[in-house]
Amino acid sequence: MKIQLLLVVYIVCLYSCKAQQSKTTCELNYEKAKTELGQFSKSSNTDYLKAAQLFLDSSLYCNETRKRSIQRKIQIFYMQKAYKEGAMFVDTLKNSDFEFEYEKQMYKNDLTGLQYAEINDIKKRDSAYNVSITNIQNYIDKNKYTKFSADTAAFYSLYYTKSKIFDTIRISNDINVLKQKFPNDKAAIDRMKEIIIESMIH
């Protein structure tokens with residue numbers, strides 16, 4: 001019943017956003033999606049994820065909420081373990097729908113890699129992640145950063161992706177090399193290493 005009622009709301013909101021491009025309407029739908037996700041975190045009832053998707057599908061039509069809505073929608077695909085559907089959704093988007101030029105391909109490859117991991121196809125899994133590693137590294141090299149804090153998101157993305165195919169020793173050693181490159185950012189880099197390694201263990 002909850003989903004049926006929300007479907008009616010979704011259709012109305014979708015039409016409103018497409019017809020009027022109302023920032024207020026889309027902001028409201030985005031906030032409703034966040035509320036539904038909060039309810040899911042408390043109850044694990046997947047109906048809340050479905051409801052959140054409906055509101056996000058509406059808020060995607062407004063420029064002011066598009067990028068945020070895309071990030072939330074991708075988050076839901078991960079939560080549902082709907083990796084194939086998530087990769088297909090990302091494939092419909094443009095690079096301009098993301099903050100960073102490597103981000104679309106990173107998400108698509110991550111979701112694709114998770115599909116292959118589920119069927120234990122390690123060769124294809126690693127191939128997907130290696131494409132992302134190369135893309136992110138090229139992005140970092142192109143920008144010629146002189147300090148880690150210049151773009152922490154790119155470095156986190158790089159080592160998070162590497163952690164999908166390399167062990168903790170390799171990741172730790174790679175990050176230690178980064179500390180030699182950016183000695184003034186050792187504390188921040190150590191914190192990144194701690195977060196990445198912990199995510200690999202748990």
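**Side-chain contacts: charges and rings**

Arg125 comes out at 16% relative accessibility, so it counts as buried (buried is under 20% relative accessible area, exposed over 50% and partly exposed in between, using a 1.4 Å probe and protein chains only). The model here is predicted, so to speak of a local feature takes pLDDT of at least 70 and side-chain atom pairs count only at pLDDT 80 or more, while totals for chains, interfaces and linings use all residues. Side-chain values use heavy atoms, with hydrogens and water left out, and numbering runs from 1 along each chain as its sequence is written.

Arg125 pairs up with Asp126 in a salt bridge, at 2.6 Å from N to O (the cut-off is a side-chain nitrogen of Lys or Arg within 4 Å of a carboxyl oxygen of Asp or Glu). Side chains of opposite charge can pair when their charged atoms come close. The structure has 13 salt bridges. One of them links Arg66 and Asp97, whose closest N and O atoms are 2.7 Å apart. Since Arg66 is in helix α4 (residues 63-80) and Asp97 is in the loop between α5 (83-91) and α6 (103-118), this pair ties together parts that are 31 residues apart in sequence (helices are DSSP runs of H or I, at least four residues, numbered from the N terminus). Asp97 is buried at 7% relative accessibility, whereas Arg66 is partly exposed at 26%.

Lys142 and Glu101 also meet in a salt bridge, at 2.8 Å from N to O. Lys142 belongs to helix α7 (residues 122-143) and Glu101 to the loop between α5 and α6, so the bridge ties together parts 41 residues apart in sequence. Glu101 is partly exposed, with a relative accessible area of 45%. Elsewhere, salt bridges with shared partners join Lys162, Arg170 and Asp174 into one network.

Arg170 turns up again with a ring: its charged end sits over the ring of Phe166, 3.9 Å from the centre (this takes NZ of Lys or CZ of Arg within 6 Å of the ring centre and within 35 degrees of the ring normal). The charged end of Lys73 likewise sits over the ring of Phe89, at 5.4 Å from the centre.

As for ring pairs, Phe, Tyr and Trp (its six-membered ring) pair if their centres lie within 6.5 Å, with planes under 30 degrees apart called stacked, over 60 edge-to-face and the rest tilted. By this rule there are 8 aromatic pairs. Phe98 and Tyr107 have ring centres 6.0 Å apart and planes at 35°, so they are tilted; both Phe98 and Tyr107 are buried. Phe100 and Tyr102, with centres 5.5 Å apart and planes at 15°, are stacked. Tyr145, Phe148, Phe155 and Phe182 form one aromatic cluster.

Methods. Helix = DSSP H or I, 4+ residues; strand = E, 2+ residues; numbered from the N terminus.
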